[in-house]
Amino acid sequence: VKREQLLTQMRRNLKSSGGAPAPPRWTPPGELFIQDADARQALLIDRLAGLGANARVVDSRQEAQAAVEQLMGERAWRQISCPADLAWPSVADRLGQDEALLPFGLVEAEWALAETGTVVILPGGRHKRVTSLLPPAVGFIVRRSRILSRLTDVLVRFDAASGGLPANVVFVSGPSRSADIGSVVCRGVHGPGEVHVWVIESE
Amino acid sequence: VRRARARYQRVLAAAANDPALQEVLRTYQDDIQAGHDAEARGIAGWDAWRDQVAVVREHTVAHLDYYLEQFARQVERHGGQVSFAADAAEACRIVGDVAADAGAGLVVKSKSMVSEEVGLNRALQARGMEVAETDLGEYILQLADERPAHIVGPALHKSLQDVTELFSKEAGRRLNSEPDELAAFARQALREKFLAADVGISGCNFGVASTGAVVLVTSEGNGRMATSLPRTHIVLMGLERLVPDWQSLDSLLTVLPRAGVGGAITTYVSGITGPRRAGDADGPERLHVVVLDNGRADLLGGPYESMLHCIRCGACLDFCPVFRHVGGHSYGPVYSGPMGAVLTPLLLGLEEWADLPYLCSLCGACEEVCSARIPLTRLILSLRRDAVEAGLVPLEWRLGMQAFAAVTERPRAYGAALRGAGRAVDALTRHEIKPPDAILRPWTASRELPLPARRPFGDWWAGRQALGCPGPEGRP
């Protein structure tokens with residue numbers, strides 16, 4: 001079916017003038033927006049724990065990196081998937097290429113949403129989509145200054161993004177889960193079943 | 001019509017007489033209703049959020065011509081391709097052509113009700129392609145060769161034991177009835193498919209008209225894999241799945257998971273705008289969006305336009321007392337519950353599906369919970385009216401209803417009928433006469449037959465008044 005033919009039929013049925021409409025705007029209840037940064041951070045950590053993620057606050061990026069290395073040591077993970085610009089010298093020689101075989105992926109979140117325990121990632125360039133998808137465990141680094149109250153805050157930013165958005169934006173809220181087998185919740189069905197989040201307080 | 005009705009009544013009877021299914025349906029509805037209520041209580045302004053969903057959907061559908069054109073242009077601006085399909089056959093042909101062009105031997109799919117609507121899997125298989133459903137629920141159904149029973153939880157009618165049997169057969173060895181072990185098997189089996197697939201097919205929860213983004217709401221991660229790993233990504237979407245811009249998604253993404261799965265958000269919400277960009281390390285090289293009409297455009301500007309406001313949360317199924325007893329398969333091929341009872345006749349033809357609007361007690365529970373405030377019972381009543389006017393209901397119903405109307409519209413006739421019925425019951429009882437089963441059976445098979453009183457209430461009341469007995473509140 002030709003596009004124009006279908007659009008003409010739609011215009012006729014809708015008695016449309018074809019002009020650009022103004023989308024309806026609405027302000028959600030004010031209590032959903034948390035002004036206090038400490039409270040936002042605390043809610044984020046709380047919600048992540050509720051979703052089954054391991055979330056903790058660290059003072060600095062160096063401390064987050066040390067925590068990653070400690071986790072890798074404890075779990076005997078020899079390799080890691082991580083965008084090159086996020087890697088630091090002591091993991092640079094442990095970067096793997098085939099994510100399907102790697103035990104752990106680490107990425108930096110663009111934003112985090114306190115209300116839902118969500119990290120927002122923007123894969124693109126050297127940040128591969130598969131880093132946060134194929135390994136059975138994934139870690140996210142979140143800067144405290146990037147913690148927003150809720151979805152509303154980030155969607156407004158998407159509309160305002162002057163250069164547009166990358167081809168892929170993803171909201172991740174805890175481990176992959178499914179309740180399709182006998183209504184029992186299983187983790188890690190396709191995506192990572194283990195999720196770590198480090199919130200850097202100084203950034 | 002008669003053949004369709006007979007087949008349909010067999011399905012209904014089978015569901016109602018299946019104790020295992022009845023147990024599954026009860027448990028699922030009780031659990032999901034509790035989750036839904038908890039999430040609704042857990043966010044400030046729940047009803048206002050739903051009002052806003054209704055406002056956004058109504059606005060978008062009222063200007064769908066503008067937003068659809070804008071969406072298509074934006075997808076193309078970002079390097080994607082867009083095709084329009086008038087019906088199921090054309091949609092299957094276009095998807096098949098794109099997949100064949102991509103050299104597809106193996107296609108991985110994430111859950112898409114529109115693909116069920118057009119019968120995509122069989123069409124691709126007929127062209128020699130292997131199609132792997134990767135949503136865990138859909139994978140279970142593909143192994144069982146069954147249709148989805150619920151638009152959100154397609155395999156909720158399958159017990160743990162059922163899944164153990166199906167997966168064990170597929171694995172060629174006996175698996176334990178442990179959900180985690182079964183999930184691990186599915187993960188391994190499907191991971192191989194993901195890594196080998198040439199084409200990934202997804203649906204589209206929402207399309208953002210202002211930027212051309214396709215938004216997917218998923219929990220397992222299979223949606224991200226199907227849209228990230230294969231070299232070609234095909235999106236199949238109904239033409240009404242749009243919103244004006246990202247901000248308009250706020251209410252929809254706030255309400256959908258809470259109403260649909262009883263959670264504040266699903267694990268993954270992805271926005272996909274075109275194929276991978278220059279310099280991107282991964283992602284599909286080609287993105288093709290197929291926009292399906294299949295009767296939707298005909299609904300615009302008409303009495304059923306509000307059905308296009310539906311966001312497919314499934315809440316109407318989760319609260320429907322009829323769905324609780326008959327299950328999803330009783331509603332025909334794809335869409336079930338109250339939304340299916342309306343949408344299926346509209347998309348697939350009232351002639352074949354005239355019975356669906358009668359799978360409803362008109363209790364209004366669906367309207368009460370509908371995320372987009374669709375007046376479902378009004379639409380169901382309207383479809384019933386259409387079915388009667390088109391002569392699609394059985395002759396005995398029509399004659400019976402006409403007789404009922406003729407009597408109840410005339411007070412004298414009504415009184416006489418009641419007195420006559422009372423006397424008839426009296427006489428039958430006195431002489432121990434049982435009416436032939438064939439006459440009463442169509443009614444009594446599934447309902448009580450209330451016996452008329454020997455003396456109608458109206459007569460009794462008039463007699464009291466004649467004797468000067470006090471009326472309500474002591475007034476004579």
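The lining of the second largest cavity divides into 13 nonpolar residues, three polar and no charged. This cavity belongs to a predicted model and holds about 90 Å³ of space. Of its 16 lining residues, B:Cys320, B:Pro338, B:Cys360, B:Ser361 and B:Cys366 lie closest to the centre. Helix H15 (321–326), helix H16 (337–348) and helix H18 (365–369) of chain B each give two or more residues to this lining. H16(B) gives the most, with three residues.

A search of the whole structure finds three cavities of 30 Å³ or more. In the largest, B:Cys310, B:Cys313, B:Cys316, B:Met339 and B:Cys370 are the lining residues nearest the centre.

| Cavity | Volume | Lining |
|---|---|---|
| Largest | About 100 Å³ | 12 nonpolar, two polar and one charged residue |

Two residues of chain A come next. A:Asn13 is found in helix H1 (residues 3–14). A:Asn13 counts as buried because its relative accessibility, 19%, falls under the 20% cut-off. A polar atom of the A:Asn13 side chain lies 2.8 Å from the backbone oxygen of B:Ala297. A:Asn13 also touches B:Asp298, B:Leu300 and B:Gly301.

A:Pro175 sits in the loop between strand E7 (168–172) and strand E8 (177–181) of chain A. A:Pro175 is buried, with a relative accessible area of 1%. Its contacts include A:Leu51, A:Arg187 and A:Val195, along with B:Thr267 from chain B. The C-alpha atoms of A:Pro175 and A:His190 are separated by 9.9 Å, and the two residues are 15 apart along the chain.

How values were computed:
Residues numbered from 1 in each chain as written. Chains lettered and ligands numbered in written order. Predicted model: local features only at pLDDT ≥ 70, side-chain atom pairs only at ≥ 80, totals over all residues. Heavy atoms only, no water. Helix = DSSP H or I, 4+ residues; strand = E, 2+ residues; numbered from the N terminus. Buried < 20%, exposed > 50% of the residue type's maximum accessible area, 1.4 Å probe, protein only. Polar contact = N/O pair within 3.5 Å; in protein donor to acceptor, adjacent residues only side chain to side chain. Contact = heavy atoms within 4.5 Å. 1 Å grid on protein atoms, 1.4 Å probe; cavity = no way out; pocket = protein on both sides within 12 Å on 5 of 7 lines; lining within 4 Å. Points joined across faces, edges and corners; volume = space filled by probe spheres on them. Nonpolar A, V, L, I, M, F, W, Y, C, P; charged D, E, K, R; others polar. Lists of a residue's contacts leave out its neighbours within four places in sequence.
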